[in-house]
Amino acid sequence: MAGYEYVSPEQLAGFDKYKYSAVDTNPLSLYVMHPFWNTIVKVFPTWLAPNLITFSGFLLVVFNFLLMAYFDPDFYASAPGHKHAPDWVWIVVGILNFIAYTLDGVDGKQARRTNSSTPLGELFDHGLDSWSCVYFVVTVYSIFGRGPSGVSVFVLYLLLWVVLFSFILSHWEKYNTGILFLPWGYDISQVTISFVYIVTAIVGVEAWYEPFLFNFLYRDLFTAMIIGCALCVTLPMSLLNFFRSYKNNTLKHNSVYEAMVPFFSPCLLFILSTAWILQSPSDILEIHPRLFYFMVGTAFANITCQLIVCQMSSTRCPTLNWLLVPLFLVVLVVNLGVASYVESILLYTLTAVFTLAHIHYGVRVVKQLSNHFQIYPFSLRKPNSDLGTEEKSIGL
């Protein structure tokens with residue numbers, strides 16, 4: 001298993017023919033963030049590998065998740081009558097979130113600046129983005145948390161899925177059209193949330209208890225923005241892009257079945273995880289919300305990474321992800337009735353399996369593509385180059 005190769009020879013051949021194609025029409029991105037990133041990228045030395053920038057940004061997102069997990073393990077820290085997270089925590093999280101967002105926008109520019117773009121860089125970037133979804137959403141949840149002024153853990157679970165499906169929708173588009181249409185919601189949400197973190201440090205979480213408008217609470221605004229962005233912006237634009245490709249006869253998959261295959265595993269993951277929540281004898285989501293979110297988000301990231309590999313290599317997306325098998329077995333056992341502590345053990349075990357499996361998948365895929373393209377993923381130096389030269393390789 002240690003040396004298992006996830007990328008097939010057919011996919012490797014597909015990567016050799018791959019050309020990056022993306023469309024960004026977001027005014028915030030085009031007229032504000034890109035000029036800002038063009039300035040920031042000049043600060044980085046030309047020897048710094050773009051993948052290292054990408055990975056650094058991801059680590060900041062993970063750090064924010066772990067920091068809030070320490071100060072708000074059960075999402076009650078922002079509720080009335082509970083000990084709140086220190087103000088400095090919100091400032092740190094807000095600053096690091098914006099830095100991570102900036103690094104995510106700069107890495108591609110660094111690649112073009114150093115003439116080091118390869119398919120591995122795009123896969124590495126988007127693969128980490130797919131895992132960042134759960135870290136980002138769960139960290140944001142701590143602003144409101146549970147309680148009378150907050151959002152229930154089940155509602156947050158549903159909101160997490162709105163974000164996850166919004167993310168995979170972009171890669172479903174590219175799987176069918178060959179073009180990555182960058183979603184508007186990403187830039188808006190990152191800038192807004194970074195600002196809200198800082199505001200929370202200034203005004204305190206108590207400020208979010210008050211109604212935003214009439215009896216419309218800030219938590220309701222939070223929920224409405226996520227759902228509204230998905231239903232009114234992301235989904236319509238994705239369907240429009242798909243329809244345009246259909247009219248222009250440029251779709252890569254002609255049958256409805258083949259076009260919809262990328263949704264099979266995410267939908268089954270949603271069905272199985274929801275069934276677990278609804279049939280749980282110990283109300284597992286109430287007991288271990290953060291762990292349950294992480295388990296779902298990790299499985300989703302693995303599913304999405306496999307889709308990204310397929311759409312970049314122009315190969316068929318697998319119908320089902322193997323991680324769904326142990327999840328199905330756990331849900332089956334839970335439905336038969338188990339003690340509370342046994343169900344918790346099952347969740348911890350499944351989460352560990354998913355995490356290790358996904359890390360193994362990522363490491364092996366990066367190693368395969370690095371060997372295939374003859375590059376070092378975190379260096380601009382070619383494997384066979386002289387250590388003392390300034391030669392740049394395709395390190396992204």
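The model is predicted, so local features are reported at pLDDT of at least 70 and side-chain atom pairs count only at pLDDT 80 or more, whereas totals for chains, interfaces and linings use all residues. Residues are numbered from 1 along each chain as its sequence is written, and side-chain values use heavy atoms, with hydrogens and water left out. Helices are DSSP runs (H or I, at least four residues), numbered from the N terminus.

**Helix α3**

- Helix α3 covers residues 50–71, and its 22 residues should span 32 Å at 1.5 Å a residue, which agrees with the 32 Å between its end C-alpha atoms; the expected span is 1.5 Å times one less than the number of residues.
- The buried residues of α3 are P50, N51, I53, T54, G57, F58, V61, V62, N64, F65, L67 and M68, where buried means under 20% relative accessible area, exposed means over 50% and partly exposed lies in between (1.4 Å probe, protein chains only).
- As background to such a list, an α-helix has 3.6 residues a turn, so residues three or four places apart point the same way.
- The cover over the buried residues of α3 includes α4 (87–113), α5 (119–141) and α12 (289–313), with contact meaning heavy atoms within 4.5 Å.

**Packing of α3 with α5**

- The axes of α3 and α5 come within 9 Å and cross at roughly 15°; axes are lines fitted to C-alpha atoms, for helices over the stretch in contact, and angles run from 0 to 180 degrees between N-to-C directions.
- The two helices α3 and α5 are therefore roughly parallel to each other, given that angles under 35 degrees count as roughly parallel, over 145 as roughly antiparallel, 65 to 115 as roughly perpendicular and the rest as oblique.
- The crossing of α3 past α5 is left-handed, a term used if the near helix is turned anticlockwise from the far one by less than a right angle, with right-handed used if it is turned clockwise.
- On the α3 side the contact is made by N51, T54, F55, F58, V61, V62, N64, F65 and M68, while α5 contributes L120, G121, F124, D125, L128, W131, S132, Y135, F136, V138 and T139.
- By class, this contact of α3 with α5 has 13 nonpolar, 6 polar and 1 charged residues, where Ala, Val, Leu, Ile, Met, Phe, Trp, Tyr, Cys and Pro count as nonpolar, Asp, Glu, Lys and Arg as charged, and the others, Gly among them, as polar.

**Packing against α14**

- Helix α14 (residues 340–373) packs with α5 at an angle of about 170°, with the axes 10 Å apart, and α5 and α14 are therefore roughly antiparallel to each other.
- From α5, the residues P119, L120, L123, F124 and W131 meet T355, H358, I359, V365, V366, L369, S370 and F373 of α14, and by class the contact of α5 with α14 has 10 nonpolar, 3 polar and no charged residues.
- Helix α1 packs with α14 at an angle of about 55°, with the axes 11 Å apart, which makes α1 oblique to α14, and α1 passes α14 in a right-handed crossing.
- Residues L12, F15 and D16 in α1 meet Q368, L369, H372 and F373 in α14, and by class the contact of α1 with α14 has 4 nonpolar, 2 polar and 1 charged residues.

- E122 lies in helix α5 and is buried, with a relative accessible area of 9%; leaving aside its neighbours within four places in sequence, E122 is in contact with Y18, Y20, K174 and M312.
- H126, also found in helix α5, is buried with a relative accessible area of 11%, and, neighbours within four places in sequence left aside, H126 is in contact with F167, H171, L180 and I308.
- The C-alpha atoms of H126 and A301 are separated by 9.9 Å, although the two residues are 175 residues apart along the chain.
- Q11 lies in helix α1 (residues 9–16) and counts as buried at 10% relative accessibility; not counting residues up to four places away in sequence, Q11 touches Y6, V309, C310, S313 and T315.

**Positive phi in loops**

- F75, in the loop between α3 and α4, has a positive phi of about 65° although it is not a glycine, and F75 counts as buried at 0% relative accessibility.
- N115, in the loop between α4 and α5, has a positive phi of about 55° although it is not a glycine, and N115 counts as exposed at 66% relative accessibility.
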